[in-house]
Amino acid sequence: MAEFKVVVSDPNTGRTTQVEVEGQDANRFLGRELGDEVDGEAVGLDGATLELTGGSDDAGRPLRTDVSGSALKELLLEGGVGYDPSRDGERKRVTVRGREISEAVAQINAKVVDGDADFDDLTDDE
């Protein structure tokens, strides 16, 4: 059964909170891709809409929007998500995961794009 940590941020207020989802709520994220919108009910934010912005798998490898599917890929990167070069022109082969949410994903990053996000209700449950 799927189980995720969802980090939800509200760009209007600058607040961020982490919510653990499992079971039916976690299944709402499976098969979605980065950039897709999800109903906020999955994390306890009724009436809000969330946009998936990123994430990482259980080994810490990041999800990249330019890689299709959910499989692991080795890319030669010059920078961006998954690699920060220490000097100009430096490149490195890095293993990253595709943009689709699968059971291998451990953390999902999302932001509120529509509706009211009351993070006080989420933090009382923890």
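The protein exposes about 7,200 Å², of which carbon and sulfur atoms supply 36%; accessible areas come from the Shrake-Rupley method with a 1.4 Å probe, and for residues only the protein chains shown count as cover. The model is a predicted one, in which local features need pLDDT of at least 70 and side-chain atom pairs count only at pLDDT 80 or more, while totals for chains, interfaces and linings use all residues. Residues are numbered from 1 along each chain as its sequence is written, and side-chain values use heavy atoms, with hydrogens and water left out.

The protein contains two helices and seven strands, arranged from the N terminus in the order β-β-α-β-β-β-β-β-α. Its radius of gyration is 15 Å, close to the 14 Å that the globule rule gives for 126 residues, so the protein is as compact as a globular protein of that length. The radius of gyration is taken over C-alpha atoms, and the globule rule is 2.2 Å times the number of residues to the power 0.38. Helices (H or I, at least four residues) and strands (E, at least two) are DSSP runs, numbered from the N terminus. The C-alpha trace spans about 45 × 30 × 25 Å along its principal axes.

Of the 126 residues, 36% count as buried; buried means under 20% relative accessible area, exposed over 50%, and partly exposed in between (1.4 Å probe, protein chains only). Contact is defined as heavy atoms within 4.5 Å. Among contacts between residues at least 6 apart in sequence, 57% join residues at least 24 apart.

Leaving aside neighbours within four places in sequence, Ile-101 is in contact with Phe-4, Phe-29, Leu-30, Gly-31, Arg-32, Leu-52, Leu-63 and Ile-108. Ile-101 and Glu-22 are 79 residues apart in sequence, and their C-alpha atoms are 14 Å apart in space.

The charged side chains comprise 14 positive and 30 negative ones, and the centres of the two sets lie 13 Å apart. Lys and Arg count as positive and Asp and Glu as negative, with His and the chain ends not counted; the place of a charge is taken as NZ of Lys, CZ of Arg, CG of Asp or CD of Glu. Side chains of opposite charge can pair when their charged atoms come close. The structure holds five salt bridges, a salt bridge being a side-chain nitrogen of Lys or Arg within 4 Å of a carboxyl oxygen of Asp or Glu.

One of these salt bridges joins Arg-99 and Glu-33, at 3.3 Å from N to O. This pair links distant parts of the chain, 66 residues apart: Arg-99 is in the loop between strand E6 (92-97) and strand E7 (105-114), and Glu-33 is in the loop between helix H1 (24-27) and strand E3 (37-39). Arg-99 counts as partly exposed at 22% relative accessibility, and Glu-33 counts as partly exposed at 28%.

Another salt bridge is formed by Arg-97 and Asp-57, whose closest N and O atoms are 3.1 Å apart. This pair also links distant parts of the chain, with Arg-97 in strand E6 and Asp-57 in strand E4 (residues 49-57), 40 residues apart. Both Arg-97 and Asp-57 are buried. A network of salt bridges links Asp-57, Arg-61 and Arg-97.

Asp-25 forms a salt bridge with Arg-28, and the closest N and O atoms are 4.0 Å apart. Asp-25 counts as partly exposed at 29% relative accessibility, as does Arg-28 at 30%.
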